[in-house]
Amino acid sequence: MFERGLPDFVPAPPGHYPAPRGRRPLVGLRPAGRGDRARVEEICGEVLRGGDHLPHHFDDWIDADDGTFMVAEVDGRVAALHRAAPAGGGVLWYEGLRVAPEFLGRGLGRTMVEMAATAAARRGYRDMRLHAGPECAGFFERAGFTPLVRVARWDAETSRKGSLPAVLAPEHTSVALGWLRQDRAFNRYPGLMPVFGGSADSDWRTLNRLARDGRLCFSGEVPSFAALRPTPARGPLRVTFLAGGGESMFQLLRGIRHRARVAGARRVRVIAPVDHPCAPEMLAAGFSVRDEFRLTVYSRRLGETALIN
């Protein structure tokens, strides 16, 4: 677990956060509370002009016991926020970095990243991952992150058609992994499962956990596979990865649309590499790609410190 309990006030590293009026302010990092909602919404509204998803996750992030949702105070005023949570296998997922406009350009965002990386390394995490759009690429690459895979989003409405897909039994994880390692679609993910809320290694441990949770589906004698994420209230049924192809993939995608309807989800959302070879099957099964959505999953090996530019 990524623990709470960093010091109440942490001085910004020299050179990271030049202070106004010749003095260096203290950056206080503390867990976010419900009383921070108005300020968080104000920051998010200013940063992304009302198009930010983060306020919709505020209560869930406050209540979650598997991560930390933190705010930074500068001279007593909330100036920035971020969240970090375990993604499995020693990987920390980092998200929700927002800096109030009046504090931009002064190194606070970089200070937040370094604080999270230092705390994670101290707690034994080996890798810190995140996803970001092209407008943030330079910032994270200067902070020591390297791109792993570019992903696109495919959406479909739920459907009454199709049969509920079969769920892999945990004891068959090794057999499934053998199939997957030979599949060109699966290998487009370079060992990752890129998805909002985490980017875990696609190893035996991760697949077995998905199978035990009933979230690793398959279809066909020459099988196609899909991994599902939990469905939030009134949210989409999210698909982490797709592997396989042909008729079995078409039937699997139809079945997932039907499963989403049964589960009360609003739609199905697939996050997949931009050049995923199952694009024809997704189109045939009623999915459409969101051209405006392009993200890159980044990784930073912990214990490494990037040069300050």
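Visitor: Where is R106?
Guide: R106 is placed in the loop between β5 and α3, the latter covering residues 108-122. Please keep in mind throughout that this is a predicted model.

Visitor: Which backbone oxygen lies 3.3 Å from a polar atom of the R106 side chain?
Guide: That oxygen belongs to E102.

Visitor: Let us turn to salt bridges. How many does the structure hold?
Guide: There are 21 salt bridges in the structure. One of them joins R98 to D52, with the closest N and O atoms 2.7 Å apart.

Visitor: Which parts of the chain does that pair tie together?
Guide: R98 belongs to strand β5 (residues 91-99), while D52 sits in the loop between α1 (37-48) and α2 (54-63), so the bridge ties together parts that are 46 residues apart in sequence.

Visitor: Are those two buried or exposed?
Guide: R98 is buried, because its relative accessible area is 11%. D52 is buried as well, with a value of 7%.

Visitor: What does R153 form a salt bridge with?
Guide: The partner of R153 is D155, and their closest N and O atoms are 3.0 Å apart. Both of these residues are buried.

Visitor: Why does R269 count as buried?
Guide: Its relative accessibility is 15%, so R269 counts as buried; the limit is under 20%. For D155 the relative accessible area is 10%, and it is therefore buried too.

Visitor: Which residues are linked in a network of salt bridges?
Guide: R34, R37, E41, D59 and D63 are linked in such a network.

Visitor: Now for the aromatic rings. How many pairs are there?
Guide: Searching the whole structure gives six aromatic pairs. In one of them, the ring centres of W61 and F69 are 5.3 Å apart and the planes stand at 80°, so this pair is edge-to-face.

Visitor: Are W61 and F69 buried or exposed?
Guide: W61 counts as buried, at 7% relative accessibility. F69 also counts as buried, at 1%.

Visitor: How far apart are the ring centres of F139 and F140?
Guide: They are 4.9 Å apart, and with the planes at 80° this pair is edge-to-face. F139 is partly exposed, at 28% relative accessibility, whereas F140 is buried, at 7%.

Visitor: Which residues do ring pairs link into a cluster?
Guide: The cluster consists of F58, W61 and F69.

Visitor: Let us look at the surface. Which residues form a nonpolar patch there?
Guide: V175, W179 and V222 form one, and together they have about 320 Å² of accessible area. V175 is located in helix α5 (residues 173-181), and it is exposed, with a relative accessible area of 54%.

Visitor: Back to the strands, then. Where is G28?
Guide: G28 is in strand β2, which covers residues 26-31. It counts as buried because its relative accessibility is 1%.

Visitor: How far apart are G28 and A72 in space?
Guide: Their C-alpha atoms are 5.3 Å apart, although 44 residues separate G28 from A72 in sequence.

Visitor: What is H258 in contact with, leaving aside its neighbours within four places in sequence?
Guide: H258 is in contact with S159, R160, K161, G162, S163 and L164. For R160, the backbone oxygen lies 3.4 Å from a polar atom of the H258 side chain.

Note on methods. Residues numbered from 1 in each chain as written. Predicted model: local features only at pLDDT ≥ 70, side-chain atom pairs only at ≥ 80, totals over all residues. Heavy atoms only, no water. Polar contact = N/O pair within 3.5 Å; in protein donor to acceptor, adjacent residues only side chain to side chain. Contact = heavy atoms within 4.5 Å. Phe/Tyr/Trp six-rings, centres within 6.5 Å; stacked < 30°, edge-to-face > 60°. Buried < 20%, exposed > 50% of the residue type's maximum accessible area, 1.4 Å probe, protein only. Patch = residues over 30% accessible without salt bridge, like charges linked within 9 Å, V, L, I, M, F, W, Y side chains within 5 Å. Areas by Shrake-Rupley, 256 points an atom, 1.4 Å probe, with all protein chains shown as cover. Salt bridge = Lys/Arg side-chain N within 4 Å of Asp/Glu carboxyl O. Helix = DSSP H or I, 4+ residues; strand = E, 2+ residues; numbered from the N terminus.
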